[in-house]
Amino acid sequence: MKLEGRCYCGNIRYVAEGDPMLQAQCHCRECQYITGGAPNTFIVMPLAGHTYIQGTPKAFTRSDLERAVTREFCPDCGTHLATKPPGRPVVVVKVGTLDDPTQYTPQMAIFTIDKQPFHQIPEGMKTFERRPG
Ligand SMILES: [Zn+2]
Ligand SMILES: [Zn+2]
């Protein structure tokens with residue numbers, strides 16, 4: 001699968017190629033800050049196939065969390081583009097930044113322990129209180 005996408009202003013563009021490892025929505029409290037309150041919809045891709053082909057994102061990692069993820073975003077328009085977990089060769093791509101968001105096929109809802117009453121989970125979708133497995 002080849003994913004292509006960009007930030008809201010268009011200064012940053014990326015490509016992510018490879019076999020998607022997970023397509024899901026995350027209800028965790030941290031993701032709610034990034035999305036505006038809704039669950040975060042994302043596709044986990046191999047890090048090796050992920051490249052910024054235009055522009056350079058700014059990266060941010062919280063220092064108060066153990067094993068904090070690094071979030072990359074456009075320094076001009078603020079769009080959050082990708083998340084990199086520590087010590088794993090994967091990149092978490094945000095569905096809202098894809099040129100074609102219909103490439104996303106949701107498989108499961110995770111971190112429902114932080115789910116808000118107004119969050120939606122599609123009928124019949126697998127759910128996990130935290131991570132699967
Ligand atoms: Zn931008
Ligand atoms: Zn999350």
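Student: Is Cys74 buried or exposed?
Tutor: The relative accessibility of Cys74 is 1%. Buried means under 20% relative accessible area, exposed over 50%, partly exposed in between (1.4 Å probe, protein chains only). So Cys74 counts as buried.

Student: What kind of model is this, and how are its parts labelled?
Tutor: Residues count from 1 along each chain as written, chains are lettered from A and ligands numbered from 1 in written order, and side-chain values use heavy atoms, without hydrogens or water. Local features need pLDDT of at least 70 and side-chain atom pairs 80 or more, while totals for chains, interfaces and linings use all residues, since the model is predicted.

Student: Which residues are the protein donors of the zinc ion (ligand 1)?
Tutor: Donors are N, O and S atoms within 2.8 Å of the metal (3.2 Å for Na, K and Ca); water is not among the atoms, so sites may look incomplete. Here the SG atoms lie 2.3 to 2.4 Å from the zinc ion (ligand 1). They belong to Cys7, Cys9, Cys74 and Cys77.

Student: What arrangement do these four donor atoms make?
Tutor: Four donors need all angles between 85 and 135 degrees for this class. Around the zinc ion (ligand 1) the angles are 105 to 114 degrees. The arrangement is therefore tetrahedral.

Student: How many residues apart are Cys9 and Cys74?
Tutor: The donor spacing for the zinc ion (ligand 1) is C-x1-C-x64-C-x2-C. Cys9 and Cys74 link distant parts of the chain, and their separation in residues is 65.

Student: Is Cys9 buried, exposed or partly exposed?
Tutor: Its relative accessibility is 35%. Cys9 therefore counts as partly exposed.

Student: Which residues coordinate the zinc ion (ligand 2)?
Tutor: The spacing of its donors is C-x1-C-x2-C. Their SG atoms sit at 2.1 to 2.3 Å and belong to Cys26, Cys28 and Cys31.

Notes. Four donors count as tetrahedral if all angles lie between 85 and 135 degrees; four count as square planar and six as octahedral if opposite donors are over 155 degrees apart and all others between 65 and 115; anything else is irregular. Helices (H or I, at least four residues) and strands (E, at least two) are DSSP runs, numbered from the N terminus.
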